[in-house]
Amino acid sequence: MNYQLKAKPILVDPFGRTVNYLRISVTDRCNLRCVYCMAEDMTFLPREQLLNLEEIETIASAFVRLGVNKIRLTGGEPMVRNGIVDLCKKLSALDGLNELVMTTNGVLLDKYANELADAGVKRLNISLDSLQADRVKKITRHGKLEDVLRGIEAARSAGFERIKLNAVVLDGVNDDEVTELAEFALSRDLDITFIEEMPLGEINSHSRSDTQVASHTLAQRLAERYEFEPAKESTHTSNLASNRGPSRYHQVKGYRGRIGFISPMTDNFCSSCNRVRLTSEGRLLLCLGNEHSLDLRNIVRNNSNTDTDLQAAIQEAITRKPEKHHFDASKTDIIRFMNMTGG
Ligand code: SAM
Ligand code: SF4
């Protein structure tokens, strides 16, 4: 008998990039209103327009069958979504998924950290833009520093494989705190990534072209205090040796934690992009900086051959993944906010 082993399908775009990483925005809602992410008065989607948890699981399974091995749950704030822990349990059990990870503002971690770790979430990214309570309040509009610090401690005790802090740096707002933030992370064996602000969604709190700070400026400032060595790993897990991928990490002499930079404005990293995003209403976004999208909700809601059709639609969509983004801080070409996008 002639047994032929069928190769597992994988997603490769026309530029030769393998897509093995899916970010899912599980809700557009949030308990904060960070000034770089949202306008003060936000209108959120009616609940019936959001994917339900079963639909998220169906779409995630289709991606995993197509070779995706890492999923990040994000939002909005993933922990304000009802049923988030159950969703984590289901996704982490998917055959072929190596890593389920989450990005959170940390406010509810005190309550959920242990449950998330038990549900199979391996790593956490926690947003922390300042160590000054009044600044945290100003940046997040509603947040309390003490809640986030408590959340970080709860996460440290819960046994995640790795915890990374994310700080969006705005000139004249928190750029003078990068060394303190780095020290806070490194002294706790945590990684920290400094992120350049992207022009996603119309905001009225500040002009984004006035608050841009280039990662290389921050790197120079940090190099006065720390000795950097290139780390072997970037967030582009299929390309471990090259230190490419959106987040460029540096090992810091004398510390276990690493310092990273995400530089969408000053250092185009698109050639190593390995990810796509699923919005909370089920649109598949092929690129953070382009509006191309495909409505997957329509397929899961109105189709009897859901799995086959989903798989075919995803494979076809990947052939339209744009080559790169073109951000300009003086213009908001992308009207969708980061909370819709799933950062
Ligand atoms: N609510 C969670 C949080 O804040 O971590 C998850 C969602 S949030 C949209 C994901 C990440 O996107 C956060 O680290 C946040 O700081 C970042 N972010 C939001 N808006 C941004 C923007 N305009 N430019 C760059 N990063 C942004
Ligand atoms: Fe909420 Fe995260 Fe956006 Fe802040 S960055 S408003 S915490 S979704």
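This is a predicted model: local features need pLDDT of at least 70, side-chain atom pairs count only at pLDDT 80 or more; totals for chains, interfaces and linings use all residues.
## Around ligand 1

Let us start with the first ligand. Ligand 1 is surrounded by 19 residues, and the closest are Tyr36, Gly76, Ser127, Val168 and Met198. By residue class, this shell divides into six nonpolar, nine polar and four charged members. Three strands each supply at least two residues of the shell: β3 (99-104), β5 (162-169) and β6 (191-196).

| Residue | Protein atom | Ligand 1 atom | Distance |
|---|---|---|---|
| Gly76 | backbone N or O | nitrogen | 3.0 Å |
| Ser127 | polar side-chain atom | oxygen | 2.7 Å |
| Met198 | backbone N or O | nitrogen | 2.8 Å |

How much of ligand 1 does the protein cover? On its own, ligand 1 has 540 Å² of accessible area, and the protein covers 96% of that.

## Around ligand 2

The second ligand has its own set of neighbours. Cys30, Leu32, Arg33, Cys34, Cys37, Met38, Gly76 and Asn105 surround ligand 2. Their classes come to five nonpolar, two polar and one charged.

## A buried strand and its partner

Strand β6, which supplies at least two residues of the shell around ligand 1, pairs with β9 in the parallel sense over four bridges. Within this pairing, isoleucine 192 has isoleucine 259 of β9 as its bridge partner.

Is β9 enclosed or open to the outside? Five of the five residues of β9 (residues 258-262) are buried, so the strand is largely enclosed by the rest of the structure. Both of its faces are covered, with Arg258, Gly260 and Ile262 buried on one side, and Ile259 and Phe261 buried on the other.

## Salt bridges

The model contains 20 salt bridges. A few of them are worth a visit.

Aspartate 28 lies in the loop between β1 (21-25) and α1 (53-65), and its relative accessible area is 0%, so it counts as buried. Its salt-bridge partner is arginine 29, with the closest N and O atoms 3.6 Å apart. The side chain of aspartate 28 also reaches the backbone nitrogen of leucine 45, at 2.9 Å.

Another pair sits within a helix. Lysine 89 and aspartate 86 form a salt bridge at 3.8 Å, N to O. Both belong to helix α2 (residues 84-92), where they are three residues apart, about one turn of the helix. Lysine 89 is partly exposed at 47% relative accessibility, and aspartate 86 is partly exposed at 45%.

What does the salt bridge between aspartate 175 and arginine 221 look like? The closest N and O atoms of aspartate 175 and arginine 221 are 3.9 Å apart. Aspartate 175 lies in the loop between β5 and α6 (178-186), while arginine 221 lies in helix α8 (residues 215-223), so the pair ties together parts that are 46 residues apart in sequence. The two partners fall into separate burial classes: aspartate 175 is buried at 12% relative accessible area, whereas arginine 221 is partly exposed at 29%.

Salt bridges also link Arg135, Asp176 and Glu177 in a network.

## Two positive phi angles

Arginine 141 has a phi near 65°, a positive value in a residue other than glycine. Arginine 141 is found in the loop between α4 (133-140) and α5 (145-158), and it counts as buried because its relative accessibility is 15%, where the limit is under 20%.

Aspartate 189 likewise has a positive phi, of about 60°, although it is not a glycine. Its place is in the loop between α6 and β6. At a relative accessible area of 43%, aspartate 189 is partly exposed.

Conventions. Residues are numbered from 1 along each chain as its sequence is written. Chains are lettered from A and ligands numbered from 1 in the order in which they are written. Side-chain values use heavy atoms; hydrogens and water are left out. A residue is near a molecule or strand if one of its heavy atoms lies within 4 Å of it. A polar contact is a pair of N or O atoms within 3.5 Å; within protein, one must be able to donate a hydrogen and the other to accept it, and residues adjacent in sequence count only if both atoms are side-chain atoms. Accessible areas come from the Shrake-Rupley method with a 1.4 Å probe; for residues, only the protein chains shown count as cover. Ala, Val, Leu, Ile, Met, Phe, Trp, Tyr, Cys and Pro count as nonpolar, Asp, Glu, Lys and Arg as charged, and the others, Gly among them, as polar. Buried means under 20% relative accessible area, exposed over 50%, partly exposed in between (1.4 Å probe, protein chains only). Two strands pair if DSSP finds at least two bridges between them. A salt bridge is a side-chain nitrogen of Lys or Arg within 4 Å of a carboxyl oxygen of Asp or Glu.
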